Amino acid sequence: MANELPLEGTAPVTSRGRGKLLALAAGVILVLVLAGISALGVRQASTDRPAVGSTAPTFSMPLFDGPQVDLAALRGKPVVINFWASWCVPCEDEAGDLERTWQKYKDRAMFLGVDYVDTEPKAREFLKRFGITYPNGPDLGSRISYQYRIKGVPETFVIDKNGQVRLVKIGPTTEAELSATLDELLK
């Protein structure tokens, strides 16, 4: 390298200068790697769904047939939150189980249906076809489904009277599964 000629208008780079330049480049690379790892950690944390034992994200939602409902105001009794859509075939499979379980526990627990990426006429038609009587409303702007990080529909979350998630069910739920969870929470 001693034979290298400097570029026109520049001073020759000495070994000492080259070492400083390499140290600076290594430092910049280290900072970028650490920033990338940190950003990945933040992204991972923000995409985690509420897990069993965690506090359920609170939300307010307008109902199709009634005023707005506020999840935080329902503390004191278990709450079943079911994400569904009229275009979802597995949602049809679980609709009867959800309604039967609601009828069995409606004096001791609350059920909320969160209609995901749907139109109101189709959603109302679905509720009527399956005789759903528990409160349901649209997830305007997918805000609630984003908070719960759902992967699709149907998904069900059962929350205890203190606002802690006690069941996360991806896919259709059953009357037996919901009853067992609610019986345990109501002891």
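This is a predicted model: local features need pLDDT of at least 70, side-chain atom pairs count only at pLDDT 80 or more; totals for chains, interfaces and linings use all residues.
Biologist: Why are α2 and α5 called roughly parallel to each other?

Modeller: Helix α2 (residues 89–105) and helix α5 (residues 175–185) pack at an angle of about 30 degrees. Angles under 35 degrees count as roughly parallel, and α2 and α5 are therefore given that description. Their axes lie 9 Å apart, and the crossing is right-handed.

Biologist: Which residues make the contact between α2 and α5, and what is its make-up by class?

Modeller: From α2 come D97, L98, R100, T101, K104 and Y105, and from α5 come E175, L178, S179, L182 and D183. By class, the contact has 4 nonpolar, 2 polar and 5 charged residues.

Biologist: R100 belongs to that contact. What makes R100 partly exposed?

Modeller: R100 lies in helix α2 and has a relative accessibility of 44%. Buried means under 20% and exposed means over 50%, with partly exposed in between; R100 therefore counts as partly exposed. The C-alpha atoms of R100 and E175 are separated by 7.0 Å, although these residues are 75 apart along the chain.

Biologist: How do you know that the buried residues of α5 are on the same side of the helix?

Modeller: The buried residues of α5 are L178, S179, T181 and L182. They cover an arc of only 165 degrees around the axis, which puts them on the same side of α5. Their cover includes β3 (79–84), α2, β4 (110–115), β6 (155–159) and β7 (165–170).

Biologist: What makes T181 buried, and which residues is it in contact with beyond its neighbours within four places in sequence?

Modeller: T181, which is found in helix α5, has a relative accessible area of 15%. The cut-off for a buried residue is under 20%, so T181 is buried. Leaving aside those neighbours, T181 is in contact with V158 and L167.

Biologist: Is L167 buried or exposed, and how do you know?

Modeller: L167 lies in strand β7. At 15% relative accessibility, L167 is under the 20% cut-off and therefore counts as buried. Leaving aside its neighbours within four places in sequence, L167 is in contact with V52, T156, F157, V158, E177 and T181. One of these, T156, is 11 residues from L167 in sequence and 7.7 Å from it in space, C-alpha to C-alpha.

Biologist: Why are the buried residues of α3 said to line one face of the helix?

Modeller: The buried residues of α3 are A123, F126 and L127. Seen down the axis of α3, they fall within an arc of 95 degrees, so they line one face of the helix. After α3 comes G131, with a positive phi near 60 degrees.

Biologist: What makes the phi values of V117 and S142 worth noting?

Modeller: Most residues other than glycine have a negative phi. V117 is a residue other than glycine, yet its phi is positive, near 40 degrees. S142 is not a glycine either, and its phi is positive at about 55 degrees. V117 is in the loop between β4 and α3 (120–129), whereas S142 is in the loop between β5 (136–138) and α4.

Biologist: Why are V117 and S142 called partly exposed?

Modeller: The relative accessible area is 48% for V117 and 24% for S142.

Biologist: What kind of peptide bond joins V153 and P154, and where is P154?

Modeller: Omega is about 0 degrees, and the bond is cis. Most peptide bonds are trans. P154 is in the loop between α4 (143–148) and β6.

Notes
Residues are numbered from 1 along each chain as its sequence is written. Side-chain values use heavy atoms; hydrogens and water are left out. Axes are lines fitted to C-alpha atoms, for helices over the stretch in contact, and angles run from 0 to 180 degrees between N-to-C directions. Helices (H or I, at least four residues) and strands (E, at least two) are DSSP runs, numbered from the N terminus. Angles under 35 degrees count as roughly parallel, over 145 as roughly antiparallel, 65 to 115 as roughly perpendicular and the rest as oblique. A crossing is left-handed if the near helix is turned anticlockwise from the far one by less than a right angle, and right-handed if clockwise. Contact means heavy atoms within 4.5 Å. Ala, Val, Leu, Ile, Met, Phe, Trp, Tyr, Cys and Pro count as nonpolar, Asp, Glu, Lys and Arg as charged, and the others, Gly among them, as polar. Buried means under 20% relative accessible area, exposed over 50%, partly exposed in between (1.4 Å probe, protein chains only). The arc is that of the directions from the helix axis to the C-beta atoms.
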